[in-house]
Amino acid sequence: QAYGVLRDDPAGIAQWILPAAYAGHVNCVWWLRPAWAQQIADGDYRVHVGHALAPAAPAQSSRDASRVRGSAVPVSEDAEVESVKISCAEPYFVEDDIFRPLEELKAKRPLRLVVSLLP
């Protein structure tokens, strides 16, 4: 049942991999990619996962323009929140704004990310 839920979720399996690595549950991920998947170049990446500042999520309506979702606390438009990030500078992570340089990560944990073509 979990596979079906992850398969149908737009974020899919990636939604839990970085948090699991950050929590120390996994330290190696091997992605056997299909030929059409080009998001991350094949390789053996030695990276780190940690938390770092990121811009707060944009408000969903003008009524909530100065509030963080689910919070009664007003925040400025330039507010930042902590979130899980990765030190891998592959375009996939940069474009999704989850890349941060190693020196910006706090409480970092090592992660080996291996990417190769599905045989």
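Read from the N terminus, the elements of the chain follow the order α-α-β-β-β-α-β. That amounts to three helices and four strands. The model is a predicted one, and the values below are computed from it.

**The chain as a whole**

The chain has 119 residues, of which 27% are buried.

**A nonpolar patch**

Which residues make the nonpolar surface patch of about 340 Å²? The patch is formed by Trp30, Leu32 and Leu118. Leu32 belongs to strand 1, which covers residues 28–33. With a relative accessibility of 43%, Leu32 is partly exposed, because this value falls between the limits of 20% and 50%.

**An aromatic pair**

The structure contains one aromatic pair. Its members are Tyr92 and Phe93, placed edge-to-face, with 5.1 Å from centre to centre and 80° between the planes. A pair of aromatic rings is described by these two kinds of value, the distance of the centres and the angle of the planes. The angle of 80° is over 60 degrees, so the pair of Tyr92 and Phe93 counts as edge-to-face.

Are the two partners buried or exposed, or partly exposed? Tyr92 is partly exposed at a relative accessible area of 25%, whereas Phe93 is buried at 6%. The value for Phe93 is under 20%, and therefore this residue counts as buried.

**Positive phi values**

Two residues call for a note on the backbone. Asp97, a residue other than glycine, has a positive phi near 55°. Asp97 sits in the loop that runs between helix 3 (91–95) and strand 4 (106–117). Its relative accessible area is 37%, so Asp97 is partly exposed. Ala107 is not a glycine either, and its phi is positive at about 50°. Ala107 is located in strand 4.

**Accessibility values**

The table lists the relative accessible areas given above for single residues.

| Residue | Relative accessible area | Class |
|---|---|---|
| Leu32 | 43% | partly exposed |
| Tyr92 | 25% | partly exposed |
| Phe93 | 6% | buried |
| Asp97 | 37% | partly exposed |

Methods: Residues numbered from 1 in each chain as written. Predicted model: local features only at pLDDT ≥ 70, side-chain atom pairs only at ≥ 80, totals over all residues. Heavy atoms only, no water. Buried < 20%, exposed > 50% of the residue type's maximum accessible area, 1.4 Å probe, protein only. Patch = residues over 30% accessible without salt bridge, like charges linked within 9 Å, V, L, I, M, F, W, Y side chains within 5 Å. Areas by Shrake-Rupley, 256 points an atom, 1.4 Å probe, with all protein chains shown as cover. Salt bridge = Lys/Arg side-chain N within 4 Å of Asp/Glu carboxyl O. Phe/Tyr/Trp six-rings, centres within 6.5 Å; stacked < 30°, edge-to-face > 60°.
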